[in-house]
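The sequence and model are shown first.

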Amino acid sequence: LHLLYFNKNSSCVAGTLPPGKTGWPFIGETLEFLSTGWKGHPEKFIFDRMSKYSSSVFKTHLLLEKSAVFCGAAGNKFLFSNENKLVQVWWPDSINKIFPSSVDQNTTSINEQGIKMRRLLPNFFKPEALQRYVGIMDSIAQRHFGSCWENKSQVQVYPLAKSYTFWLACRLFVGVEDPEHVAKFAKPFDVLAAGLISIPIDLPGTAYNRSIKASNLIRKELLTIIKQRKVDLAEGKASATQDILSHMLLTSDESGKFMHESEIAAKILGLLVGGHDTASSACTSIVKFLAELPQVYQAVYNEQMEIAKSKAAGELLTWDDLQKMKYSWNVACEVLRLAPPLQGAFREAIADFMFNGFSIPKGWKLYWNSNTTHRNPDFFPEPLQFDPSRFEGSGPAPYTFVPFGGGPRMCPGKEYARLEILVFMHHIVKRFKWNKVIPDEKIIVDPMPVPAKGLPVKLYPHQP
Ligand code: HEM
């Protein structure tokens, strides 16, 4: 039965399938795939197979699906440049249950929803809009550091980085700024995120079941905010450009139809989830690397103090200030290379095709993973060395540095993430030096890299 199950469909494609094993019945190699991340080495699953099969594409069976892993710059290029021609974005079915209205009556798939969302987002993330956010990000960062970091001798970085990125997202996506209201939202978000990449068993007590419940709760809360915003817009108490919520309420599609409230709630939920854990993982990894590399810390400190000294008392950071943070951004990129918040993403083959001499059948799920280039000496010599100068000049070769993906589905929040990360770096180095409390703290990748104990650090404030 096992052989029949795995060989079904395969025979209808001419040519040889990629080398590889399909593992255990039904679960395939999923446990091994996930467990290398839990042990802190997500790249191991892929690197072991790349060397075993001497191939840049191998077959496997992940998340209950026949899959192929595409490796290296050529694999990335192929998947990123064949979007909607040979491949399309794919998420496990279980995700639809957590984001139920992400597939609405008018569209047939989460992929079409993604395309619809993409048409909306550029307005929110266009340079004029982003420039407006820098000052808001700076003022929220000041309040965050003032209340959560200052006058403390020791803090746990990861929960604080999460509360920083979440506060920003609440303010800039839905206009919620009051810390108490933000905190009310934050808890169900953690529950939701914990169940996203869990075993999808919907029984009371499972992480997946809790995640579905948290999603329902958050969407209910978002609906209340949306209804109030409609009233405020009608009465002129809210502005059309104040956040993404206003923008979504006031933008119609090509046929003049406006989005339904529940659709807006689902989209905002998606953005909050997509943007919050990724950026907080990045900020936490930056703090970790700066603690380990005093010379890099010093160079970031010098650059940030130069900018801080150029500001008058109370003057907020501007877009131009952020353009001057070149070394700091190179450091952030080197952190994203070594500790990418998202390891990779899936596509689905929408036609039979050949890649590197192997047949890929329609319906297979295809996975790209940033580590296959980020940690590959062919693209980044001495890949485990921390070297921000890799990003100077024209930087890495195309399709090799891919923490935000590439092609038409490249992360739409990339620029937003750059701004929030730089504002975070500015505030933390301006105030403190720090040491890790647990020098060899383990990193768990589930699915984002996070220190096992949340990265406790001792803070040493700079003398005024
Ligand atoms: C350091 C922070 C971030 C990283 C590393 C990151 C990375 C990624 C990656 C790798 C993808 C998948 C691309 C693919 O399917 O090939 C993605 C998609 C996405 N990201 Fe981000 N992201 C970050 C921050 C954000 C932020 C702040 C937002 C929102 C404000 C955001 C919104 C999205 C959305 C909506 C998608 C889905 C796009 C689509 O399917 O077309 N991300 N991101």
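## Terms and basis

Buried means under 20% relative accessible area, exposed means over 50%, and partly exposed lies in between (1.4 Å probe, protein chains only). Helices (H or I, at least four residues) and strands (E, at least two) are DSSP runs, numbered from the N terminus.

The model is predicted: local features need pLDDT of at least 70, side-chain atom pairs count only at pLDDT 80 or more, and totals for chains, interfaces and linings use all residues. Residues are numbered from 1 along each chain as its sequence is written, and side-chain values use heavy atoms, with hydrogens and water left out.

## Strand β8

Strand β8 spans residues 365-369, and five of the five are buried, so the strand is largely enclosed by the rest of the structure. In a regular strand, side chains alternate between the two faces of the sheet. In β8, K365, Y367 and N369 lie on one side, L366 and W368 on the other, and all are buried, which leaves both faces covered.

Two strands count as paired if DSSP finds at least two bridges between them. β8 pairs with strand β2 (residues 65-70) in the parallel sense, over four bridges; here W368 of β8 has F70 opposite. With strand β5 (residues 344-349), β8 pairs in the antiparallel sense over five bridges, and N369 of β8 has G344 opposite.

## A three-stranded sheet

Three strands form an open sheet in the order β4-β12-β9, with antiparallel pairing. β4 (154-156) and β9 (432-436) are the edge strands, each pairing on one side only. On average, neighbouring strands of this sheet are turned by 35° against each other, direction ignored (axes are lines fitted to C-alpha atoms; angles run from 0 to 180 degrees between N-to-C directions).

Three antiparallel bridges join β4 to strand β12 (residues 456-461). Q156 has P456 in β12 as its bridge partner.

## Surface patch

W24, F26, I27, L31, W38 and L64 make a nonpolar surface patch of about 680 Å². Patch residues have over 30% relative accessible area and no salt bridge, and nonpolar side chains (Val, Leu, Ile, Met, Phe, Trp, Tyr) are joined within 5 Å, like charges within 9 Å. A salt bridge is a side-chain nitrogen of Lys or Arg within 4 Å of a carboxyl oxygen of Asp or Glu.

W38 sits in helix α2 (residues 30-38) and counts as partly exposed, at 36% relative accessibility.

## Iron site

The ligand's iron atom has a single donor from the protein, C411 (SG), 2.3 Å away. Donors are N, O and S atoms within 2.8 Å of the metal (3.2 Å for Na, K and Ca); water is not among the atoms, so sites may look incomplete. C411 belongs to the loop between α16 (371-374) and α17 (414-431).

Technical notes
Accessible areas come from the Shrake-Rupley method with a 1.4 Å probe; for residues, only the protein chains shown count as cover.
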